[in-house]
Amino acid sequence: MSRSQLERDTLQTARALVQTIDTQILGVQRLGQGLATSDAIEPGDLQRFHAQARQTLAEAGLGSTISLSDNAGRLAVNTGAEYGSSLPLNGNTELVRRVFAESGPVISPLFASAITGKLLMAVGVPVIRNSLVIYALTVSIESKGFSDILRAQRLPAGWVATVIDSTGVIVARSQDAERLTGRKVPERYLKDLTKGTEGNFEGINGDGVDVLVTYAQSPLTGWRVAVNIPHELLASELSRQLGILGVGILCLIFLVLALAHLLSQRIARSFQSLVKPAAALGMGDKIVLPRVEVKEAAQVTAALKEAAALLEARSAALRDRERDLAEHSKALRLSETRLKTVTEHAPVAIAIFDRHMRYLAASRLWLKNLLLDNREVIGACHYELVPGIPEAWRDAHRRGLAGEALRADADCFVRSDGTIQWYRWEIWPWTDDTDEVGGIIISAEDITERIAAERKLRDSESRLALALKAGNTAVWEIDVTSERLLPADDRLFSMLGYSAAGMDTVGKWIERIHEDERNTARRLLNDVILGSSDGFSLEARYRTADGNWHWLLCQGTASERSDDGRAIRLVGTHTDIDARKMAEQRAREAALHDPLTGLPNRALVFEYGNRLLAAAQRKHGQGALLFIDLDRFKPINDLYGHDVGDRVLQEVSRRLLSCTRAEDLVGRLGGDEFVIVLPHLAPDLHRAAVVASHVIDSLNNRIIIDSLELSLSASIGISYYPAHATGMSELIHAADLAMYQVKQSGRASFQEYRDEFNQRADEAYSLEARLRQALRHGRLSLHYQPVVDMDSGLLIGAEALVRLADGGQAVGPQTFIPVAESAGLIGELGEWVVKEACRQHRAWLASGLKVSLAINVSPLQFREKGFAEKMREIILDARIDPSFIQLEVTESAVMENIDDAAAVLNRIKSLGVKVALDDFGTGYSSLSHLSSLPLDKLKVDQSFVRRIGCDHSSQLVTEAIIALGRSLKLEVIGEGIESEDAFLYLKAHGCNHAQGYWLSRPLPAEQFAQWCEQQIS
């Protein structure tokens, strides 16, 4: 075989393996889709589904486990664990998320089971009820199953087949599967493998062996099946082909020698072939003269032929006599064969007996029924072969031998293996040539299945009657010609409260149906009557005798039709489904409302909102949507627990409802996000701002939870329809952008959407991406701004200020710090700043520069659980003196909850770290609170310092802060000093330390060290 032919054949093998794997996965997908429709999936009770899923796995032989997960990834059912046992999160939450998002089948990559730890892949399908995905049903397949498929293909020795997913992870392997499954293939190998959907390349496998790789890609999963053939096997194949060529040449030589030998034997065979005819002639037998190859032998053959003709004439007479005898024997055998054929192949069991009940003949069915298949019965006594014959049957045999014909329509017989069979049998006597009874013929028809079916039918009819009664189902019949409705009992009338005369025709029945379903009922009924459909099913509301509406399920079919296909008679049922419909309505209401607050949830908000938007487009109406995000809710939840947080949300819900009208919609989207939909605003759009103001005022009032007094505020964004959006998602997005602007500009206010907010949002998203990349790839840096003693002018420390160093457009921390906070990156960013500052301090110490460093802490970072412990770990890991580190926390961070803030600051102080209160004077501190905090320094906010020369109020605030610091024995730092006048003013009033551009701008580490050297010199 040529190299190119080998590559083509191997590619066909890879394609076949891909198809085999895909067929397995599609089978699992169909299994999951079938189970997803099971009526055993009831959110309140899934035990029946757990058993059903286990049974399905056992019967189908597809997959290893079946599970149900909610949209948070929580397992509700897993067949790998007993029902009711504690279950972890689904090991593949991404698969669950995609099933809920896409509402369709999803195939996962390889992952580890959350219960068994085994490597699996899974097919997820949605469980949809009332157009909503309520569960993700996943059927898992162990990777071992795919490896077994590959091994079953019996590839040539040394060949290895591998299944590789789109990330380069080995899913299955025909060899060493246990060792290599779950590992990634070499990077170069993966690069060559993903160049196309199929092909060949030379590569090196994970064991370092040079191989020819042939691969094909699955259109279903994107996985690839690769067949690896080591180069040494390719070389041995070429040697084998050369060997075959050599053997062929040797065979050709031997063939020539054999032909020569054949010619030498021709003469000998010609004379040897005459030996047998001569011997036959001598015995008087018929001779067969062969064809000879030598002339002399042909003459001897002619002589033998003449002698044979004489002998043939003498034996002709004998053959005529033997022919007559053979014809008589043949007729006798034919008669016997016909009898045997009729007996053996009779459609019923049949046997022929002599007068002593010995078998003369028996059909195969008779032998099978009596379990005599492997016994020799001819000539044997029936009673000896079947000792359990009932006495009643023996008496029937005796009466038959006496010349009486008998029959029984149903008789029971217990066979030798204990099984019971029912027979319909007949007995006839037969006479011999003397006209005497020679024996009996018995035929027996096995009616066991018919008897069982009749019993099942009777049981089924009984169960049906009970089921109809228990299920409150009424059976009816319609005569199409007369249009008479003929109930089987009075259950139909009792359901609705009518008398028999009140619903005795099809017309009266139709009139009782609700107008929304009435035309559908007429159409379905006519379709069945005219033959365009076989049956119908309709859930409809029926007017009861007392004027209420009652839900019934009506189902019907044609039981009889005329020759032209038109129905003559219909049969069907009415089932009371009113309780189920009411339960479904309650379940729908529960599914569309937030269980904590009772407000409409996201689904109902979207449903209601889209309906309003559609109506507004038709009627040219206008409305508004308020997107409400609670300020400072997360600290309450973190500090006091979810129970307190839940009660706060409930109180917020009540206050929101009190700010709106009955026609308005107040909903909770999730977490601390709420919406208010205001319909019918035209022409007065100002009401949206009025409602927003009421909400802000209402939520600004303190919330009392037991002994706690909690403060909240709300940031609100407002969007209008149809001015800002014509879809609910876009309307919420617009209001969300407006709310974000409120968050950026101070919170506790509202803002109407403007077009430029989209651009700002894009800029924020872009900046967030830059921050993530900078954190991931180390593209951040710290600059250091000196802090000097005002009296001596000596350097006492520096403030570490973070900068983006990613080469992009320069962005100040006042811009990217809020983005980091809103994106949840502030914790990671803050930790990096502390670690880098500690590292730089240690590096400066090694070079002889001893300087204290001040590090800013975000309020969000400060409120994180374990903040003090995390700072302790970082400082200890850096192996530096904690007294050289100063943490600066803002006034707003500590004043949110004084007691908790004091506890955190005390833990930080216990490490030896100093604490400064930053931006002092901009918040709402009180002297009593300030005196209870373990502080070392106060920083006068730069907004006051910069206006000292021109604003008398700023002078007064600054002087008060300095006096307060001195009275509390705290060092006071003036920041933002940009002129000599400001410096001298602060110094004159007792400020201890100075920081600002007048002294030095923030400098990179190397330039800061040079600045320090210049100051010393």
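**Labels and the values behind them**

Guide: Start with a pair of strand residues: L853 stands opposite I885 in strand 32. Keep in mind that this is a predicted model.

Visitor: What makes strand 31 and strand 32 a pair?

Guide: Two strands pair if there are at least two bridges between them. Five bridges join strand 31 to strand 32, residues 885-890, and the two run parallel. Five meets the cut-off of two, so they are called a pair.

Visitor: Which residues of helix 25 are buried?

Guide: Among them are I826, L829, V833, A837 and W844. E836, Q840 and H841 are also on the list. The label means that each has a relative accessible area under 20%.

Visitor: What follows helix 25?

Guide: G848 does, and its phi is positive, near 95°.

Visitor: Why is V125 called buried?

Guide: Its relative accessible area is 1%. The cut-off is under 20%, so V125 counts as buried. V125 sits in strand 5, residues 119-129. V99 is 26 residues away from V125 in sequence, yet their C-alpha atoms are 6.3 Å apart.

Visitor: Why is the contact between E198 and R15 called a salt bridge?

Guide: The rule asks for a side-chain nitrogen of Lys or Arg within 4 Å of a carboxyl oxygen of Asp or Glu. For E198 and R15 the closest N and O atoms are 2.5 Å apart, so the pair qualifies. E198 lies in strand 9 and R15 in helix 1, so the bridge ties together parts that are 183 residues apart in sequence.

Visitor: Are E198 and R15 buried, partly exposed or exposed?

Guide: E198 has a relative accessible area of 36%, which makes it partly exposed. R15 is at 32% and counts as partly exposed too.

Visitor: What makes R569 and D479 a salt bridge?

Guide: Their N to O value is 4.0 Å. The cut-off is within 4 Å, so the pair is counted. R569 is in strand 21 and D479 in strand 17, so this bridge ties together parts that are 90 residues apart in sequence. R569, at 24% relative accessibility, is partly exposed.

Visitor: How many residues apart are E651 and R655, which both lie in helix 20?

Guide: They are four residues apart, about one turn of the helix. Their side chains meet in a salt bridge at 2.9 Å, N to O. R655 has a relative accessible area of 13%, so it falls under the 20% cut-off and is buried.

Visitor: Which residues do salt bridges that share partners join into one network?

Guide: E477, D479, E560 and R569. The search of the whole structure finds 51 salt bridges.

Visitor: How many cavities of 30 Å³ or more are there?

Guide: The count comes to three. The largest cavity holds about 180 Å³ of space. It is lined by 13 residues, and the closest to its centre are W366, L370, W393, I442 and A444.

Visitor: How many nonpolar, polar and charged residues are in the lining of the largest cavity?

Guide: Ten are nonpolar, three are polar and none is charged. Helix 10, helix 12, strand 15 and strand 16 each supply at least two lining residues.

Visitor: And which residues lie nearest the centre of the second largest pocket?

Guide: L132, V133, I134, A591 and L592, out of 35 lining residues. This pocket holds about 1,400 Å³ of space. Helix 17 gives the most to its lining, with seven residues. By class, the lining has 17 nonpolar, six polar and twelve charged residues.

Key:
Residues are numbered from 1 along each chain as its sequence is written. This is a predicted model: local features need pLDDT of at least 70, side-chain atom pairs count only at pLDDT 80 or more; totals for chains, interfaces and linings use all residues. Side-chain values use heavy atoms; hydrogens and water are left out. Buried means under 20% relative accessible area, exposed over 50%, partly exposed in between (1.4 Å probe, protein chains only). On a 1 Å grid over the protein atoms alone, a cavity is a set of points where a 1.4 Å probe fits but cannot get out, and a pocket is an open set with protein on both sides within 12 Å along at least five of seven lines; lining residues have an atom within 4 Å of a point. Grid points are joined across faces, edges and corners, and a volume is the space filled by probe spheres set on the points. Ala, Val, Leu, Ile, Met, Phe, Trp, Tyr, Cys and Pro count as nonpolar, Asp, Glu, Lys and Arg as charged, and the others, Gly among them, as polar.
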